[in-house]
Amino acid sequence: MATIELQNIAHQYDPQQGSPYALRNLSEIWQDRGAYALLGPSGCGKTTLLNIISGLLRPSEGRVLFDSVDVTELSPEQRNIAQVFQFPVVYDTLSVAENLAFPLRNRGLPKAQIESRVNEVLAMLDLSDRAESIASRLSADDKQKISLGRGLVRTDVKAVLFDEPLTVIDPHLKWHLRTELKKIHRQFQHTMIYVTHDQTEALTFADKVIVMYEGSVVQIGTPPELFQKPQHTFVGRFIGTPGMNIIKVNLRGNSAMLNDQVITLASSYGLTDGPAELGIRPEYIELSADRGLRAAVVAVEDLGRHLLVRTRVDDQIINVIARNGDSIPEVTRLNFESDKLILFRDSRLVEPRTV
Amino acid sequence: MLELQNVSLRVQGQSHIDEVSLQLDRGHLNLLLGPTLSGKTTLMRLMAGLERPGSGDILVDGVSVVGTPVQKRNVAMVYQQFINYPTLTVFENIASPLRVARLNAAEVAARVQQAADVLQLNDLLARFPGELSGGQQQRVALARALVKQADLVLLDEPLANLDYKLREELRSELPALFADQGVTLVYATTEPAEALALGGMTACLHEGRVIEYGPTLELFKNPARLQTARSFSDPPLNVMQLGVRNQTFHELLSNVPIDGLSQIYGTVTDGAYHLAIRPHHMNLQPVSDNSLKFTGTTTVTELTGSESYIHFDYGGNPWVALVHGIVAAESGKEMDFYVDPDNLFLFDVEQTLVPMANTRS
């Protein structure tokens with residue numbers, strides 16, 4: 001296992017042609033034994049970054065270090081990492097067990113050791129009863145399990161890298177495999193890096209999530225940090241279903257103005273008067289008869305577990321999560337939990353001066 | 001209206017579709033919900049005429065279409081893997097069904113323009129598919145289905161390959177897209193959250209059979225079958241096997257009695273049952289005086305921003321609780337979970353819901 005260090009990494013796919021930066025100046029240290037997720041929409045640079053770490057791609061600028069050793073010029077094999085891709089990579093003519101044994105045979109491990117490790121991984125992935133089946137006969141889900149197994153079978157790798165490994169998997173199996181991955185991580189303490197566009201996957205898998213947007217890292221944080229204190233409005237919107245409400249206001253001292261309505265902020269931010277954005281999650285707004293912003297209810301969607309109420313204040317839509325069975329009036333007030341309210345200026349979080 | 005009457009299809013001796021009967025109306029969304037390999041795609045191919053049923057009949061507005069080839073039917077289909085013509089511009093991609101139908105240039109331009117407006121593709125009409133993001137490419141495929149003004153529009157997991165956030169957006173736009181066209185709209189998905197967000201009517205599919213069909217929300221709230229409750233649960237439904245002997249409920253394998261159930265269910269026939277609980281109905285504190293307690297051993301905890309998934313072992317069953325707040329439960333710890341009796345589901349050995357005593361007529 002290894003600590004992974006990125007020093008001033010940047011990447012253009014075609015520097016000669018002056019192509020845009022797929023990845024902009026990035027310096028990070030990822031701790032040994034950590035579980036990290038790279039999260040962002042397609043085109044944000046997360047796969048580019050993963051490929052730079054694995055050695056599939058040489059960055060046009062910067063260095064990659066594993067345990068302080070420069071590996072920038074090394075191939076994936078030389079870096080001693082395991083990888084799992086979105087689509088299954090299996091040898092169709094080999095049995096399930098032989099597929100799993102393959103990476104171990106390549107390293108010349110003794111036979112008994114290979115067998116016991118393969119059995120362990122088979123059990124982990126619920127594949128023991130199909131150990132002798134030929135891989136080509138298996139369903140797509142089972143093939144992807146083999147891919148995962150091949151990524152996890154070696155215990156001596158520096159890191160295991162996952163590129164959207166569960167995207168094409170059935171939802172129920174996804175839950176099972178993800179919890180297995182977590183158990184495996186706890187047991188073997190691999191450094192794991194996991195690329196995904198799915199916030200639930202990222203938040204539930206990782207100790208730390210790296211949120212990326214247009215080639216830059218916008219925030220690195222634990223799941224609760226990303227949820228409660230997004231450093232950028234993009235993170236606020238991207239995390240959560242639906243995302244955080246970002247409300248345009250005019251700041252005057254401690255008052256946030258929406259036309260004639262005022263929200264008095266509980267903290268002082270030391271900002272000059274002018275445009276700003278309030279952030280409040282739909283989970284932290286209560287529909288009230290007499291407290292908060294006057295709003296019109298535009299739509300109510302029953303999502304089964306709860307109601308999603310779409311409201312409008314002037315020309316801004318504000319989403320509210322309400323309980324099943326709550327009666328929703330046509331005109332209401334929106335009462336914000338004041339300790340959950342945050343402030344942005346120019347899309348960046350502003351910390352309060354006093355609490 | 002599209003009607004399937006006892007449609008079955010066997011391939012190489014294996015049943016793919018088993019006695020499916022469905023009536024799908026125009027003007028609302030018809031969802032096919034089920035796990036991979038439950039028969040969603042095959043059923044759509046049968047509806048489209050790409051596949052011929054082994055037995056049974058398929059009728060459009062009362063007329064059998066089984067012998068009619070797909071070219072002669074007015075059907076549009078959008079797949080999970082977006083399919084566009086790489087050498088044609090976005091405009092020509094959208095226009096392609098209209099070119100085939102030999103519409104004049106003015107009408108083609110008008111209809112492409114209209115579809116591009118709806119799907120926000122106006123700025124991209126001169127580009128090629130290779131220059132677009134996945135989400136944009138799928139919007140092109142949807143636009144092509146839209147201009148065709150088909151009678152039957154089949155969308156097979158159209159958002160599955162898109163970014164999560166983009167899915168959220170398109171999900172809310174999709175039903176409205178085809179709403180004014182008076183088409184029969186069928187939409188396949190594996191995801192309960194997607195089904196609930198889309199609404200409409202849902203057919204729950206499992207192993208090639210329709211388990212239940214009805215208004216989406218109604219099926220979610222009041223499943224009559226165990227498989228329906230399973231299909232609508234994400235994370236997976238918590239299920240345990242029960243035995244009933246002389247009005248005493250006990251765990252089937254361990255024989256440990258479960259208190260409280262006989263008061264709720266009253267007189268039930270001796271035999272084997274399934275007790276099912278949704279993850280979000282498991283609480284860390286009692287929710288009412290008569291809450292039932294389940295004690296398990298935690299395995300893994302997953303945190304999202306505001307909620308925690310606590311995975312635990314309950315009598316050998318892998319269960320999960322979805323609770324509010326950040327609860328970092330250590331693994332291997334004994335924990336109590338409480339469930340309000342109103343939130344229990346009991347299914348008999350045939351996997352059919354057993355009503356609670358107070359709701360029985």
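Student: Which residue of β17(B) is the bridge partner of G296(B)?

Tutor: The partner of G296(B) in β17(B) is M335(B). This is a predicted model, in which local features need pLDDT of at least 70 and side-chain atom pairs count only at pLDDT 80 or more, while totals for chains, interfaces and linings use all residues. Residues are numbered from 1 along each chain as its sequence is written, and chains are lettered from A and ligands numbered from 1 in the order in which they are written.

Student: What makes β14 and β17 of chain B a pair?

Tutor: Strands are DSSP runs of E with at least two residues and helices are runs of H or I with at least four, both numbered from the N terminus, and two strands pair if DSSP finds at least two bridges between them. Strand β14 (residues 292-303) and strand β17 (residues 334-339) of chain B have six bridges, in the antiparallel sense, so they count as a pair.

Student: How do you know that β14(B) also pairs with β15 of chain B?

Tutor: Six bridges join β14(B) to strand β15 (residues 307-314) of chain B, again antiparallel, and T301(B) has I310(B) as its bridge partner in β15(B). A hairpin through three residues connects β14(B) to β15(B).

Student: Which strands are called the edge strands of the open sheet in chain A?

Tutor: The open sheet has six strands in the order β6-β7-β8-β3-β9-β10 (chain A), with mixed pairing. The edge strands are β6 (81-84) and β10 (216-221) of chain A, because each pairs on one side only. From one strand to the next the twist averages 15°. Within this sheet order, β3 (residues 35-39) and β9 (residues 208-213) of chain A run parallel and are joined by four bridges, and the bridge partner of A37(A) in β9(A) is V209(A).

Student: Why are the buried residues of α3(B) said to line one face of the helix?

Tutor: A residue is buried if 20 or more other C-beta atoms lie within 10 Å of its own, exposed if 12 or fewer, and partly exposed in between, with C-beta atoms placed from the backbone. In α3(B), the buried residues are V108(B), R111(B), V112(B), A115(B) and A116(B). Seen down the axis of α3(B), the buried residues fall within an arc of 135° (the arc of the directions from the helix axis to the C-beta atoms), so they line one face. An α-helix has 3.6 residues a turn, so residues three or four places apart point the same way. The face of α3(B) turned away from the buried side carries the exposed residues A106(B), E107(B) and D117(B).

Student: Which residues of α4(A) are buried, and which are exposed?

Tutor: The buried residues of α4(A) are I114(A), V118(A), V121(A), L122(A) and M124(A). Seen down the axis of α4(A), these fall within an arc of 155°, so they line one face of the helix. On the other side of α4(A), the exposed residues are A112(A), Q113(A), S116(A) and A123(A).

Student: Why is A179(B) called partly exposed?

Tutor: A179(B), which lies in helix α5 (residues 164-179) of chain B, has 13 other C-beta atoms within 10 Å, a count that falls between the two cut-offs, so A179(B) is partly exposed. The C-alpha atoms of A179(B) and T267(B) are separated by 48 Å, the two residues being 88 residues apart along the chain.

Student: How many residues does each chain bring to the contact?

Tutor: Residues are in contact if their C-beta atoms, placed from the backbone, lie within 7 Å, and the contact takes 33 residues from chain A and 29 residues from chain B. On the side of chain A that touches chain B, the largest share, six residues, comes from α6(A).

Note on methods:
Axes fitted to C-alpha atoms, helices over the stretch in contact; angles between N-to-C directions. Contact = placed C-beta atoms within 7 Å.
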